[in-house]
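Thank you for making time for this today. I would like to take you through one model, part by part, and I will give the cut-offs as the terms come up.

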Amino acid sequence: MNKAFKLMEKEIKLVDCILYVLDSRAPFSCINPKFETLIGNKPIIYVFNKYDMADKSKIEGWIKYFKKDNTRCITLDSTTSGSAKKVESSIKDVLKDKIEKLKLKNMMPIIRSMVIGVPNCGKSTLINNLCGKAKTITGNKPGVTKGKQWVKIASGIELLDMPGTLWPSFENSIVAKHLAYIGSIKEEVLDIPELALEFIDDIKKMDKNILETRYNIIIDESQSNLEILENICMSRKYILRGGDYDYDRCCFAIISDFKQGRLGNITLESVEQIKELTKKDKKVI
Ligand SMILES: Nc1nc2c(ncn2[C@@H]2O[C@H](COP(=O)(O)OP(=O)(O)OP(=O)(O)O)[C@@H](O)[C@H]2O)c(=O)[nH]1
Ligand SMILES: [Mg+2]
């Protein structure tokens with residue numbers, strides 16, 4: 001991801017503002033600590049994308065947390081046609097002084113915005129929504145956009161689609177886990193069975209009802225995560241020919257269910273967890 005970071009460093013000089021796309025299922029984990037110095041004092045618009053898949057009350061808390069003088073926050077479902085109009089208004093509003101100045105000089109105001117965020121958070125989908133056409137390639141896996149791409153939208157705004165950026169090592173293991181759950185990290189480099197057991201543990205602590213409803217199981221306090229996984233195997237009939245549990249299939253199915261939103265509207269992190277999320281425990285995924 002160093003290449004993408006260098007590209008960003010180079011292109012950022014050309015833009016007037018930043019559209020920082022966050023996945024509303026893990027908005028804090030989508031903030032790259034390395035970006036702060038790079039962005040400097042360019043205005044930032046935080047887009048809480050995939051809002052349709054999120055826990056709205058937790059997002060309310062995050063919006064209060066993120067809102068600073070020079071930042072705006074927008075909630076968005078980029079897959080709904082026309083929904084990104086509010087992003088356009090926000091860009092114009094944040095740069096109204098520049099637009100006014102150019103108009104006074106009888107110049108056509110051109111506004112350039114760079115769209116950044118972790119892989120798979122919906123950057124390209126958001127751009128397509130804004131221009132009303134599939135001008136960029138999208139896909140439900142990380143690393144779809146490989147290089148920069150400028151896209152013009154009707155109202156004099158030019159958007160720069162960028163490859164998703166991750167940081168080479170994660171200083172916080174919760175952040176690393178959350179980015180894996182939301183599909184920002186390539187499955188090939190993950191230990192899915194281990195991740196699925198962690199996921200069961202996290203969701204069980206958040207609200208065990210989510211797992212009980214989806215998989216038609218009952219969870220009691222004394223059960224281990226492995227026992228819960230085995231119950232899901234039984235309930236889903238993920239059983240191998242010899243009668244053993246098909247753990248691998250079940251683990252992939254659970255992670256995929258979350259990624260596809262089949263477990264309901266979930267936001268994995270809340271503002272109250274900020275201490276846990278910022279603690280440096282140096283686990284590298
Ligand atoms: N439900 C929902 N899905 C979304 C939303 N935005 C994007 N998606 C889906 O998320 C997946 C990733 O979207 P992309 O636009 O390719 O993501 P990206 O950030 O450009 O990804 P990279 O180019 O890999 O960094 C696609 O399957 C989109 O349909 C949203 O607001 N809601
Ligand atoms: Mg993309």
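I will go through the domains, the ligand shell, some helices and a few single residues.

Please keep in mind that this is a predicted model, in which local features need pLDDT of at least 70 and side-chain atom pairs count only at pLDDT 80 or more, while totals for chains, interfaces and linings use all residues. Residues are numbered from 1 along each chain as its sequence is written, and chains are lettered from A and ligands numbered from 1 in the order in which they are written.

Let me begin with the domains. The chain divides into domain 1, residues 2–161, and domain 2, residues 183–267, with bounds that come from an automatic or database domain assignment. Taken over C-alpha atoms, the centres of domain 1 and domain 2 are 33 Å apart. To their contact, domain 1 brings 14 residues and domain 2 brings eight, where two residues are in contact if their C-beta atoms, placed from the backbone, lie within 7 Å. On the side of domain 1 that touches domain 2 there are seven nonpolar, three polar and four charged residues; here Ala, Val, Leu, Ile, Met, Phe, Trp, Tyr, Cys and Pro count as nonpolar, Asp, Glu, Lys and Arg as charged, and the others, Gly among them, as polar.

Next, the ligand. Ligand 1 is surrounded by 25 residues, of which Gly122, Thr125, Asn140, Thr145 and Gly164 are the closest; a residue is near a molecule if its C-beta atom, placed from the backbone, lies within 6 Å of it. By class, the shell around ligand 1 has seven nonpolar, 14 polar and four charged residues. Which helix gives the most to the shell around ligand 1? That is α6, residues 123–131, which gives three residues; helices (H or I, at least four residues) and strands (E, at least two) are DSSP runs, numbered from the N terminus.

The loop between β4 (111–116) and α6 holds Asn120, and Pro119 and Cys121 are also found in that loop. Not counting residues up to four places away in sequence, Cys121 touches Val21, Leu22, Asp23, Cys30, Asn49, Gly164 and Ser184. The C-alpha atoms of Cys121 and Ser24, 97 residues apart along the chain, are separated by 8.8 Å.

I turn now to helix α7, residues 173–181, which is mostly covered, since eight of its nine residues are buried. What covers them includes α8 (192–215), α10 (247–259) and α11 (274–278). Just after α7, Gly183 takes a positive phi of about 90 degrees.

How do α9 and α10 pack, and at what angle? Helix α9 (residues 225–236) packs against α10 at an angle of about 95 degrees, with their axes 10 Å apart. That makes α9 roughly perpendicular to α10, a term used for angles of 65 to 115 degrees, whereas those under 35 count as roughly parallel, those over 145 as roughly antiparallel and the rest as oblique. The axes are lines fitted to C-alpha atoms, for helices over the stretch in contact, and the angles run from 0 to 180 degrees between N-to-C directions. Leu229, Ile232, Cys233 and Arg236 of α9 meet Tyr247, Cys250, Ala253 and Ile254 of α10, a contact with seven nonpolar, no polar and one charged residues.

In the loop between α9 and α10 we find Lys237, which has a positive phi of about 60 degrees although it is not a glycine. Is Lys237 buried or exposed? Lys237 counts as exposed, with 7 C-beta neighbours inside 10 Å.

Conventions
A residue is buried if 20 or more other C-beta atoms lie within 10 Å of its own, exposed if 12 or fewer, and partly exposed in between; C-beta atoms are placed from the backbone.
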